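Please look through the structure below, with its sequence alongside. The paragraphs after it go from the strands to the aromatic side chains, and then to the helix and the surface.

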Amino acid sequence: MASSGGLFINNNVSFIGDFSLNLGVQTAFFAEVMVAIIAIETTIDRGWSHLWLEMDSTLLLQAFKTSSLVLGLYII
């Protein structure tokens, strides 16, 4: 079972929002990708102009640096 979540804080380190997702049976990489996608979508939806995304997934950082992102057997 996998889940993802994140916190949003502003430049004054004040809490401004959060999210959590139950992803069912998924890989850890899928959960990392989903947390990044949701964070980016939330930032856009709320009209925020800056996002500092902190993660500990080297694989996800490498995926963001390439022109394609591999999820399981699917290439997006």
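In this predicted model, strands β1 and β2 run antiparallel and are joined by eight bridges. One of the facing positions is leucine 7, which stands opposite aspartate 18 in β2. The two strands form a hairpin, with five residues between them.

Valine 13 has a positive phi of about 60° although it is not a glycine. Most residues other than glycine have a negative phi. At a relative accessibility of 64%, valine 13 is over the 50% cut-off, so it counts as exposed.

A search of the whole structure finds two aromatic pairs. In one of them, the ring centres of phenylalanine 8 and phenylalanine 19 are 5.9 Å apart and the ring planes lie at 40°, so the pair is tilted. Because phenylalanine 8 belongs to strand β1 (residues 2–9) and phenylalanine 19 to strand β2 (residues 15–24), the pair ties together parts that are eleven residues apart in sequence. Both fall under the 20% cut-off for buried residues: phenylalanine 8 has a relative accessible area of 7%, and phenylalanine 19 has a relative accessibility of 16%. Together with Trp48, Phe8 and Phe19 form one aromatic cluster.

The next element to consider is helix α1. Helix α1 covers residues 28–45, which makes 18 residues. From its first C-alpha to its last, α1 reaches 26 Å, close to the 26 Å expected at 1.5 Å a residue. An α-helix has 3.6 residues a turn, so residues three or four places apart point the same way. The buried residues of α1 include Phe29, Val33, Ala36 and Ile38. Also buried in α1 are Ala31, Met34, Val35, Ala39, Thr42 and Thr43. After the helix comes glycine 47, with a positive phi near 75°.

What, finally, forms a nonpolar patch on the surface? The patch consists of Ile40, Ile44, Leu51, Leu53 and Phe64, and together these residues have about 450 Å² of accessible area. Among them, leucine 53 is found in the loop between α1 and α2 (58–65). With a relative accessible area of 36%, leucine 53 is partly exposed.

Terms used
Residues are numbered from 1 along each chain as its sequence is written. This is a predicted model: local features need pLDDT of at least 70, side-chain atom pairs count only at pLDDT 80 or more; totals for chains, interfaces and linings use all residues. Side-chain values use heavy atoms; hydrogens and water are left out. Rings of Phe, Tyr and Trp (its six-membered ring) pair if their centres lie within 6.5 Å; planes under 30 degrees apart count as stacked, over 60 as edge-to-face and the rest as tilted. Helices (H or I, at least four residues) and strands (E, at least two) are DSSP runs, numbered from the N terminus. Buried means under 20% relative accessible area, exposed over 50%, partly exposed in between (1.4 Å probe, protein chains only). The expected span of a helix is 1.5 Å times one less than its number of residues. Patches are made of residues with over 30% relative accessible area and no salt bridge: like charges are joined within 9 Å, nonpolar side chains (Val, Leu, Ile, Met, Phe, Trp, Tyr) within 5 Å. Accessible areas come from the Shrake-Rupley method with a 1.4 Å probe; for residues, only the protein chains shown count as cover. A salt bridge is a side-chain nitrogen of Lys or Arg within 4 Å of a carboxyl oxygen of Asp or Glu. Two strands pair if DSSP finds at least two bridges between them.
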